[in-house]
Amino acid sequence: MGRDGDPGTFGDASRAVKHMNDDHIDSLVAWAHYYLNVPTHITDVALVDCTEEGFHLMVEGVWRMIPYPAECKCDSARDLRKVAVYMHNEAFAKLGLAYRLRSGYYKRAALMGSSFVLRKVQRNRHVVIPAVALSALAIAYYRRRRR
């Protein structure tokens, strides 16, 4: 039952559950470590469901629930992305630098950043390619003028 008393008002979270388990297992593990105080050697974590109460995780075969942070409004499945990003950032920030280094946090961030730039370049190649070519010509002209 949803928060306003009507059945099914939270919505279908199955896509979010699949996406988190397929692409963001590092976030789920960090959530378990930070929000549930699970020891850091435990990495067997899966998201089972998202309801109006919170994120439901399976941690080493045990069903656990993380309520949504008070700072986040989560009235429907549409709000899940914002809440998940908030919790990802909070968990990794609070777990500290050593945890981020051990978990590969910075490596993933660099890969995500580079893939973001490549996607932008591919989408805007009609602008980027001429801009790069013009920049190369300007640099060559500038170097030639300095000699």
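## Overall build

The protein chain folds into six helices and three strands. Helices (H or I, at least four residues) and strands (E, at least two) are DSSP runs, numbered from the N terminus. From that end, the elements run α-α-β-β-β-α-α-α-α. This is a predicted model: local features need pLDDT of at least 70, side-chain atom pairs count only at pLDDT 80 or more, and totals for chains, interfaces and linings use all residues. Residues are numbered from 1 along each chain as its sequence is written, and side-chain values use heavy atoms, with hydrogens and water left out.

Of the 147 residues in the protein chain, 31% count as buried. Buried means under 20% relative accessible area, exposed means over 50%, and partly exposed lies in between (1.4 Å probe, protein chains only). Contacts tell another part of the story. A contact means heavy atoms within 4.5 Å. Among contacts between residues at least 6 apart in sequence, 44% join residues at least 24 apart.

Start with β1 and β2. They run antiparallel and are joined by five bridges. Two strands pair if DSSP finds at least two bridges between them. The two strands form a hairpin, with three residues between them. Across this pairing, C50 stands opposite F55 in β2.

Now move on to β3. Strand β2 (residues 54-59) and strand β3 (residues 62-67) are also antiparallel, with six bridges. Here G54 stands opposite P67 in β3. These strands form a hairpin too, with two residues between them. E60 counts as partly exposed, at 48% relative accessibility.

## Helix α2, an enclosed helix

How many of the 11 residues of α2 are buried? Eight are, so the helix is largely enclosed by the rest of the structure. The buried residues are D26, S27, L28, V29, A30, W31, A32 and H33.

Take S27 as an example. S27 is buried, with a relative accessible area of 4%. Leaving aside neighbours within four places in sequence, S27 is in contact with M20, H88 and F92. Just after α2 comes N37, with a positive phi of about 55°. N37 sits in the loop between α2 and β1. Is N37 buried or exposed? N37 is exposed, with a relative accessible area of 65%.

## Aromatic pairs

The whole structure holds six aromatic pairs. Rings of Phe, Tyr and Trp (its six-membered ring) pair if their centres lie within 6.5 Å; planes under 30 degrees apart count as stacked, over 60 as edge-to-face and the rest as tilted. W31 and F55 make a tilted pair, 4.6 Å centre to centre with 45° between the planes. This pair links distant parts of the chain: W31 is in helix α2, F55 is in strand β2, and they are 24 residues apart.

F55 lies in strand β2 and Y68 in the loop between β3 and α3, so the pair ties together parts that are 13 residues apart in sequence. Y68 counts as buried, at 11% relative accessibility. Elsewhere, ring pairs link F92, Y99, Y105 and Y106 into a cluster.

## The largest pocket

The largest pocket holds about 690 Å³ of space. On a 1 Å grid over the protein atoms alone, a pocket is an open set of points where a 1.4 Å probe fits, with protein on both sides within 12 Å along at least five of seven lines; lining residues have an atom within 4 Å of a point. Grid points are joined across faces, edges and corners, and a volume is the space filled by probe spheres set on the points. The pocket has 25 lining residues, and the closest to its centre are H19, M20, H24, R81 and V85.

Which elements give two or more residues to the lining? They are α1 (14-23), α2 (25-35), β1 (45-50), α3 (80-95) and α5 (105-123). The largest share, six residues, comes from α3. By class, the lining has 13 nonpolar, five polar and seven charged residues. Ala, Val, Leu, Ile, Met, Phe, Trp, Tyr, Cys and Pro count as nonpolar, Asp, Glu, Lys and Arg as charged, and the others, Gly among them, as polar.
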